[in-house]
Amino acid sequence: MAALVLTSAGAGGARAEPAHVGSAACVGCHDTAGSDWTQSDHAKAWTLPDETTVLGDFDDVTFAHGGQETRFYRDDGKYLIETEGPDGRRRAYEVVGVAGVDPLQQYLLSPEPGRVQTYDIAWDVEGERWYPVFPGPPPPATDGFHWTGSYKNWDGRCAECHATGYSRNYSPATDSFAPEMAEIGVGCEACHGPGSDHVAWARQPEDARAAAAQPRLGLTVDPGASQQAEVMQCLSCHSRREAMLDGNPPPGTPYHDAFSMTLLRAGLYGPDGSILDEVFEGGSFLQSKMHAKGVRCSACHEPHSATLRAEGNAVCTQCHSPAGNPQFPSLPLRTYDAPEHHFHPEDSPGAQCVSCHMIERTYMGVDRRRDHSFRVPRPDLAVTGSPDACTDCHKDRDAAWAAAELEARFPDSPHRGPHFATTIAAARLDPQGWVPQLLDLAEWREGSGIVRATALDLLGAVPDQAAADRVIDLLPDADPLVRAAAAGTLRSLPPEDRLAALAPLLSDPARSVREAAAKALLDANPPPGSPHHAALARARQEWRDALMLRADFPETHLQIGGAALQARNFSLALRAFEQAVRLDPQLVEAWSMVVRLHAAMNDAAAARDALARARAANPGNEGLLQLP
């Protein structure tokens with residue numbers, strides 16, 4: 001009877017998932033943290049337009065750029081932007097949201113039901129001026145980069161990191177969104193998780209709270225539990241990644257179950273791993289010695305106000321000083337904030353730690369971001385195409401001068417000699433010519449996982465069995481980035497050998513690894529009932545589910561088309577590439593595949609029609625002109 005009662009209670013009394021309660025419920029008790037958060041950029045990451053939130057000049061002003069004119073004005077209490085719409089005609093659009101507060105502010109418009117877009121004439125908060133986020137000529141209305149195009153969509157590409165409890169709810173059938181969220185702006189529960197259980201616990205009398213102590217105080221994550229818990233929670237937005245779940249997953253969801261991190265690819269990172277394109281700091285920080293030693297984001301950043309914990313070099317001298325920091329006993333105890341180290345006048349720009357150790361790049365016209373890999377300047381690596389912190393400031397000098405200066409001032413520095421930038425720079429041009437070096441880099445156990453995974457990514461398909469054996473030895477690696485990248489390099493093996501090697505990854509704890517294994521096994525067909533059949537089916541389904549969540553991205557359909565080609569499903573490949581060019585008519589590589597697939601399927605008329613459409617969307621493109 002007891003067993004029956006317990007079983008029945010368990011079956012009928014399943015515990016409900018915690019619900020969001022809103023930041024207002026949090027700040028009522030957490031006064032200091034709440035006050036700090038209220039004034040933070042996180043709280044103002046997404047707001048509704050009103051007198052207190054709109055900083056731009058809407059006093060009936062016009063801004064001309066690239067032959068197009070935008071009018072900003074107000075009418076009947078509404079903020080309006082008059083500009084060219086998706087049909088190329090001018091009309092006024094109501095501002096339905098405000099993105100950001102510093103250093104720029106963008107305005108959100110809805111050109112059609114079920115779709116919110118970011119307008120790309122933004123307000124420079126410090127300069128108090130309108131300016132184009134992208135300096136080139138405005139793209140035409142048919143372009144994917146027009147403000148109404150797929151790349152400027154707020155619902156699918158931006159909102160999840162500007163909201164709390166967000167789901168995009170994209171419908172491929174209608175190509176529209178029905179987003180839901182607990183709160184606009186990055187609220188308390190965006191980092192701490194839904195708070196209903198915590199609130200219920202906190203409202204009990206003190207003795208009852210002690211008796212009913214809950215893990216993580218009733219929240220879904222405790223960022224203070226470990227370095228990884230905190231860092232990976234921050235990286236869920238502060239990293240360049242591809243989502244595998246809808247919207248922002250509940251805090252505490254393992255990063256590699258929710259996202260696939262972008263590696264150090266050309267155009268995004270320099271060969272030395274330093275930032276080029278907007279990568280949101282996370283991939284940089286994972287490369288750093290600070291991360292390897294256990295430093296957290298909150299060591300430098302106050303998590304509620306999102307401000308630095310101190311001014312200027314004082315942030316760094318919390319640890320890098322003669323006193324050091326007992327949390328990090330390996331720190332050299334010496335003076336860094338002095339001319340003897342930085343060789344610049346006190347309080348000058350060159351005397352700032354960040355000037356040399358965190359190069360700065362500007363995105364979106366005015367948004368200055370710093371590299372978070374905290375690297376020692378290596379002007380000797382400029383020959384690889386890597387950025388040089390010294391000539392960032394000393395623009396009248398070259399990297400050779402900077403390298404000679406550093407060698408003279410730090411003759412015994414351990415920060416010279418071989419560097420992975422040499423291998424990555426060369427392998428970007430000739431990966432097969434650098435196979436041994438790429439394998440050595442992938443096997444660098446003391447190195448950062450994102451660097452080692454990048455080496456495998458560059459390696460591509462292993463050229464021989466000896467290389468494959470070395471990669472197979474990396475499949476059980478502790479880092480999910482390495483495991484996932486290793487899976488992709490074995491595609492030159494016969495399907496049965498590949499399946500045998502990758503079978504353990506199909507049940508890997510990290511979803512990103514399972515999906516990578518599924519992609520690497522597109523042509524594997526284990527018989528039903530065999531040991532690997534069910535695991536492969538589950539991993540493939542996870543990958544399909546993730547692709548469908550991103551069906552509004554042109555690049556997703558490139559992935560689907562490539563996978564369909566590998567599986568020799570030409571009709572599916574054709575549909576995928578057609579959808580890619582519908583979302584972005586400037587995807588020449590997709591147009592090329594549409595034309596070739598029609599020709600391969602013996603439909604010459606369709607191939608000619610596709611080529612005509614492609615050339616009309618991309619006049620003068622050499623690749624399309626060369627297609628027969």
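Select Cys-234 to begin; in this predicted model its relative accessibility is 29%, so Cys-234 counts as partly exposed. The cut-off for a disulfide is 2.5 Å between the two sulfur atoms.

Now select Cys-161 and Cys-237. Their sulfur atoms are 2.3 Å apart, and the two residues form a disulfide. By the distance rule, the count for the model is 1 disulfide. Where do Cys-161 and Cys-237 lie along the chain? Cys-161 is in the loop between α4 (154-157) and β10 (163-164), while Cys-237 is in the loop between α8 (227-235) and β14 (241-243), so the pair ties together parts that are 76 residues apart in sequence.

Stay on this pair and look along the S-S bond. Is the disulfide of Cys-161 and Cys-237 left-handed or right-handed? The torsion about the bond is about -100 degrees, so the disulfide is left-handed.

Then colour the pair by accessibility. Cys-161 has 23% relative accessibility and counts as partly exposed. Cys-237 is partly exposed too, with a relative accessible area of 27%.

For the last stop, select Cys-191. This residue takes part in no disulfide, and the nearest cysteine sulfur, which belongs to Cys-234, is 6.6 Å away. With 32% relative accessibility, Cys-191 counts as partly exposed.

Terms used
Residues are numbered from 1 along each chain as its sequence is written. This is a predicted model: local features need pLDDT of at least 70, side-chain atom pairs count only at pLDDT 80 or more; totals for chains, interfaces and linings use all residues. Side-chain values use heavy atoms; hydrogens and water are left out. Helices (H or I, at least four residues) and strands (E, at least two) are DSSP runs, numbered from the N terminus. Buried means under 20% relative accessible area, exposed over 50%, partly exposed in between (1.4 Å probe, protein chains only).
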